[in-house]
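I opened this entry to keep track of what I looked up, step by step. Overall fold comes before single residues.

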Amino acid sequence: MLRVGVTGHRSIPDSVLPYVRSALRRQFSRRDVELEAVSSLAAGADQLFADIALEYGVPVTAVIPGMDYETHLGDEETRHTYRRILRSCTTRIDLPLQPTHEKAYVAAGQWIVEHVDHLIAVWDGRPARGPGGTGDVVAYARRLGVPVTVLWQAGVLRD
C-alpha cells in the first residue's frame, strides 16, 4: 500500500488547473501499486486531490484539524464539497484540539507528512502565507525525507 498525501493552495489559477488535474489523474490511475489518498479536504488542492482519488476508486483518509474546521473552510460551496467528500472517505482522523487555528493547520500538515510515503504538493514554490501553509508542509516533508512531487506550471503565480 502506497499512502499519498497532499498539500496545496486553496486558490489554483485557472491556467494551472488542467495541468494539475491531468497529473493527479495519472497518479491515481496507476495499477502497479495499491494506493491510499490522505487529505485534510481543505478548499482547492486538497478537495481536488480527494475528488480525483475517489473518481479512480482510491480510498481516502480525511485528516481533520483540531479546530472548528468546517466553519473556516470558506464559502457554502466549499463546505458542501467538504461534507460530500467526507461522506465518501474510508477513514476519518480527528486531530486533537489546538489552541489556535494556525497550530491546528500546522499539526494537520505534519500529521499527513508523518503518515504518508509520498507527498503531492500543488504549489507555486513560494513561501507559505501563514503557519502550516504549503511551503511549510513541503519543507517539513523534505526535512523528514518524504519524497515530494510538485505539481505546478512554471512561471505562474497564485493570486
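**Entry 1: the chain as a whole**

I began with contact range. Counting contacts between residues at least 6 apart in sequence, I found that 78% join residues at least 24 apart. I note here that the model is predicted.

Next I read off the secondary structure. The chain has five helices and six strands. Along the sequence they follow the pattern β-α-β-α-β-α-β-α-β-α-β.

Then I checked the dimensions. For 159 residues, a compact globule would have a radius of gyration near 15 Å. The chain comes out at 14 Å, so it agrees with that expectation. Along the principal axes, the C-alpha atoms fill a box of roughly 40 × 35 × 35 Å.

Of the 159 residues, 48% count as buried.

**Entry 2: Asp124**

Where is Asp124 found? I located Asp124 in the loop between strand 5 (118-122) and helix 5 (134-144).

Is Asp124 buried or exposed? Its relative accessible area is 12%. The cut-off for buried is under 20%, so Asp124 counts as buried.

I then listed the polar partners. A polar atom of the Asp124 side chain lies 3.0 Å from the backbone nitrogen of Arg126. The Asp124 side chain also makes a polar contact with the side chain of Arg158, at 3.1 Å.

Asp124 touches His9, Trp152, Val156, Leu157 and Arg158.

I moved on to charged pairs. How many salt bridges does the structure hold? I have nine on record.

I took one of them. Glu55 and Arg25 meet through their side chains in a salt bridge, 3.2 Å from N to O. Glu55 lies in helix 2 (residues 45-55) and Arg25 in helix 1 (residues 17-28), so the pair ties together parts that are 30 residues apart in sequence.

Glu55 is partly exposed, at 48% relative accessible area. Arg25 is partly exposed too, at 31%.

I followed another pair. Arg83 forms a salt bridge with Glu70, with the closest N and O atoms 2.3 Å apart. Arg83 sits in helix 3 (residues 76-88), while Glu70 sits in the loop between strand 3 (60-64) and helix 3. The two are 13 residues apart, and the pair links distant parts of the chain.

Both partners are partly exposed: Arg83 has a relative accessibility of 27%, and Glu70 has 28%.

I then checked a pair within the helix. The side chains of Glu76 and Arg79 meet in a salt bridge at 3.0 Å, N to O. Both lie in helix 3, three residues apart, about one turn of the helix. Salt bridges that share partners join Glu70, Glu76, Arg79 and Arg83 into one network.

I finished with Glu76. Its relative accessible area is 43%, so Glu76 is partly exposed.

Note on methods:
Residues numbered from 1 in each chain as written. Predicted model: local features only at pLDDT ≥ 70, side-chain atom pairs only at ≥ 80, totals over all residues. Heavy atoms only, no water. Helix = DSSP H or I, 4+ residues; strand = E, 2+ residues; numbered from the N terminus. Buried < 20%, exposed > 50% of the residue type's maximum accessible area, 1.4 Å probe, protein only. Polar contact = N/O pair within 3.5 Å; in protein donor to acceptor, adjacent residues only side chain to side chain. Contact = heavy atoms within 4.5 Å. Salt bridge = Lys/Arg side-chain N within 4 Å of Asp/Glu carboxyl O. Rg over C-alpha atoms; globule rule 2.2 N^0.38 Å. Lists of a residue's contacts leave out its neighbours within four places in sequence.
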